[in-house]
Amino acid sequence: MNLTLLRFVLACCIVPALVTGFSVVAEAQAPQAGDYSKVKHQVREELNSEAPMRDGVKLKIDIFRPEAEGRFPAILQQTPYNKNGQAGRARNFASRGYVVINVDSRGRFESGGEWDPFSAKHKTDGYDLVQWIAEQSWCNGNVGTYGLSYMGWTQWWTASQSPPALKAIVPEVAPPDQFYNCPYQNGIFVCWMMDWAGSTSGRNPHRAGPGAYGGFAVNREEAYDQLPYIDFDKTRNYKPNTWWRKWIEQNTASGEYWKAISYQTPESYAKVKVPSLAISGWFDANFTGTPMNYLAMKKHGGTEAARQPRMVIGPWQHIINRSHVAAGVDFGEQAIIDWDGYILRWFDHHLKGVDNGVLKDPPVHVFVMGRNEWRTAQDWPLPETKFTKYYLHSSGNANSSDGDGRLTTLPPGDESPDHYVYDPRDPTPSAGFTNGHIDGPRDISQSAKRQDVLVYETPVLTKDVELIGPISAKIFAATNAHDTDWMIRLSDVKPDGSALFLAEGVMRARHRDPENNGAFDPYKLSEIKPDEAYEYQIEFWRPTGNVFARGNRIRVEISSSYYPYYLRNPNSKMDNIGKVTTFQSAKQTIFHDAKRPSHLTLPVIPVGQ
């Protein structure tokens, strides 16, 4: 994403939307599948067929189509995870009058070509597949796409190439470009991408130790404790490939490798001509791609239909809509929706031409945790949002949950800064996570007891406080190192002292843009002078939708590591920490005074709205 688009998206995230012609009163309603195509057909399966790409490579495909004469609309899914595992969903859709084509990505399993997760060839492969499908005797010329996670990437890559036969997309938990989430999250490498790189480093799934199971490291601390990071392909027994070292060597988005696969630019969005229905979960590790794409498509979409995106957010993990329980918290049966039914209703309209009223549905559906109910909105952020500054306060002793850190809506006066030492050899421990994803509102109160964590929290709330939407933080900070990381977490503290994780923001210090109030710049690195205070504008990559109940407290934590979720910053002067061979400690300072009022901006929903 270029800086012009980034600044537009961030502006939308911190300024209430202005909406005319719509009521701001929310309706408590989940996405309604309503009437959609019934089961009418037996399904014919044509497995391990081939589709030709423009460079002569042939991709392996499975075709599921109605056992009937005539032409039908088609749905494409491109996956690096084995097309055989997607058969159940394909049969369901095919029985309802669609041809579903599951494809192994280039270089994976039986497909031809060389596998590279971020090769620009995935863009042209998507175009070629859509057009090839449209020309087949069983297709009526209308093609849609669906699929989650990496398959969300393939959909945006494909749509950015404007294939004429593409009519609609359903990107599920789609990640954004590579420096906003994975493998780099605001410049910080997420450790689970080390696991993912190992498990997908060859044509077939691969065990990449130590202690690997199914490709993912069981003993993550042992796996990630080795330096330099660029040698992980050796120390973790990755399959030989040409791309791992590119990930580490090109550590800004300006590298040609990353620019070739990027889709989050105004120019790319303008080439997307089709409507999008996106979905994510509050605890999805790829969450940020969904609202970023929603906002950018409204601004830059290539057609009027494309500029009317739809978005659904539920209380789920990365694998959406499977359970109403996340990390032990039960959100109720209403948390599960008929999602495939809703997709069918969407495709019935866009691919079959059925006038089923789906375009009259509210464009945004979100699940509000704490209240445990759905609500609709005409835009994102919700039009009624009151973005409110919550300021950091202390007497200079905010270290740990036993410190004197406070969080209020009053600006600070003459206050002493807070200090802590970040030692990458003893990093702040992260919440537990499953195969790379923090899987729900886990209790993170134990890590808040450490001296290398600054804790600020409100007094006990005397009334409910509802937050729905994007979160940003402005902190004024200094380090005695030449580079370091800043990490901020939001949690809901219960009367029993448990602190349930909700949202977070992170930034590598050297990615701050000094010409844009210290906002994240994926394209370059700036100088960090030891012991000099800088302003950092940190957009939380994961928003929230939560009611903080009366009797609870809102807590904010600041640290410089959260391990093993994020790879540790060695605090080195080197431009590329992937090649650093030693760790060093850093002395950190957070300022909160009248001239340097560090604060969070929270999306408060007024009572009764």
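**View 1. Centres of domain 2 and domain 3.** The centres of domain 2 and domain 3, taken over C-alpha atoms, lie 27 Å apart. The contact (heavy atoms within 4.5 Å) takes 20 residues from domain 2 and 28 residues from domain 3. The model is predicted: local features need pLDDT of at least 70, side-chain atom pairs count only at pLDDT 80 or more, and totals for chains, interfaces and linings use all residues. Residues are numbered from 1 along each chain as its sequence is written, and side-chain values use heavy atoms, with hydrogens and water left out. Domain 2 spans 184-249 and domain 3 spans 386-605; the bounds come from an automatic or database domain assignment.

**View 2. Buried area between domain 2 and domain 3.** About 2,300 Å² is buried between domain 2 and domain 3 (accessible area, 1.4 Å probe, that two parts lose on being put together, summed over both). Carbon and sulfur atoms give 61% of that area. In domain 2, N186, I188 and Y229 lose the most area to domain 3. Together they make up 30% of what that side buries.

**View 3. The salt bridge of R568 and D225.** One salt bridge is counted between domain 2 and domain 3 (a side-chain nitrogen of Lys or Arg within 4 Å of a carboxyl oxygen of Asp or Glu). R568 forms a salt bridge with D225. Their closest N and O atoms are 2.9 Å apart.

**View 4. Elements on the domain 2 side.** Strand 8 (188-189), helix 5 (192-199), helix 6 (220-224) and helix 8 (244-249) each give two or more residues to the side that touches domain 3. Helices (H or I, at least four residues) and strands (E, at least two) are DSSP runs, numbered from the N terminus. Helix 6 gives the most, with three residues.
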